[in-house]
Amino acid sequence: MDNNLNGNAFPQQPKDYKTWSIVNLVISIIFCCGCTGFIALILSIIALIKSNDVVKYNNMGESSVLLAQDASKTAKTLNLISSILLVAGFIFSIVYFAIFGATQLANMMQL
């Protein structure tokens with residue numbers, strides 16, 4: 001807990017995870033061609049909205065601390081799921097193209 005100038009304790013403001021939301025959003029836009037990329041895109045947009053809600057609730061004062069904490073928790077969860085989906089989609093793409101590329105190379109060698 002932090003103390004203000006009067007010595008009264010007030011809770012620490014929760015993180016907004018806005019940078020993480022923007023990074024996930026940009027990466028999901030770049031890799032939006034797969035199912036996981038599309039789902040990650042939607043989750044990243046919602047996470048960015050929740051990140052903005054955290055800032056809004058933090059600016060509203062002490063009465064909105066619980067709302068800010070809830071929005072922060074939601075943004076973090078959505079960003080985590082989005083990041084996992086993006087990594088899984090990226091790994092799947094590498095494996096798919098490695099197998100597909102090897103198959104195409106083998107077919108070309110037979111000609």
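In which helix do Lys-56 and Asp-53 both lie, and how many residues apart are they? Both belong to helix 2, which covers residues 35-60, and they are 3 residues apart, about one turn of the helix. The structure described here is a predicted model.

The side chains of Lys-56 and Asp-53 meet in a salt bridge, with a distance of 3.8 Å from N to O. In general, side chains of opposite charge can pair when their charged atoms come close.

The two partners can also be described by their accessibility. Lys-56 has a relative accessibility of 42% and therefore counts as partly exposed. Asp-53 has a relative accessibility of 16%, so Asp-53 counts as buried. The cut-off behind these labels is that buried means under 20%, exposed means over 50%, and partly exposed lies in between.

## The largest pocket

The largest pocket holds about 270 Å³ of space. Its lining consists of 15 residues, and those nearest the centre of the pocket are Gly-34, Thr-36, Gly-89, Phe-90 and Ser-93.

Helix 2 and helix 3, the latter spanning 65-110, each supply at least two residues of this lining. Helix 3 gives the most, with 9 residues.

A nonpolar surface patch of about 710 Å² is made by Ile-22, Val-23, Val-26, Ile-27, Ile-30, Phe-31, Phe-90 and Ile-94. The elements that give two or more residues to this patch are helix 1, residues 18-30, and helix 3. The largest share, 5 residues, comes from helix 1. Phe-90 belongs to the patch and is also among the residues nearest the centre of the largest pocket.

## A backbone angle at Tyr-17

Tyr-17 lies in the loop between strand 2, residues 9-10, and helix 1. Although Tyr-17 is not a glycine, its phi is positive, at about 55°. As a general rule, most residues other than glycine have a negative phi.

Notes: Residues numbered from 1 in each chain as written. Predicted model: local features only at pLDDT ≥ 70, side-chain atom pairs only at ≥ 80, totals over all residues. Heavy atoms only, no water. Salt bridge = Lys/Arg side-chain N within 4 Å of Asp/Glu carboxyl O. Helix = DSSP H or I, 4+ residues; strand = E, 2+ residues; numbered from the N terminus. Buried < 20%, exposed > 50% of the residue type's maximum accessible area, 1.4 Å probe, protein only. 1 Å grid on protein atoms, 1.4 Å probe; cavity = no way out; pocket = protein on both sides within 12 Å on 5 of 7 lines; lining within 4 Å. Points joined across faces, edges and corners; volume = space filled by probe spheres on them. Patch = residues over 30% accessible without salt bridge, like charges linked within 9 Å, V, L, I, M, F, W, Y side chains within 5 Å. Areas by Shrake-Rupley, 256 points an atom, 1.4 Å probe, with all protein chains shown as cover.
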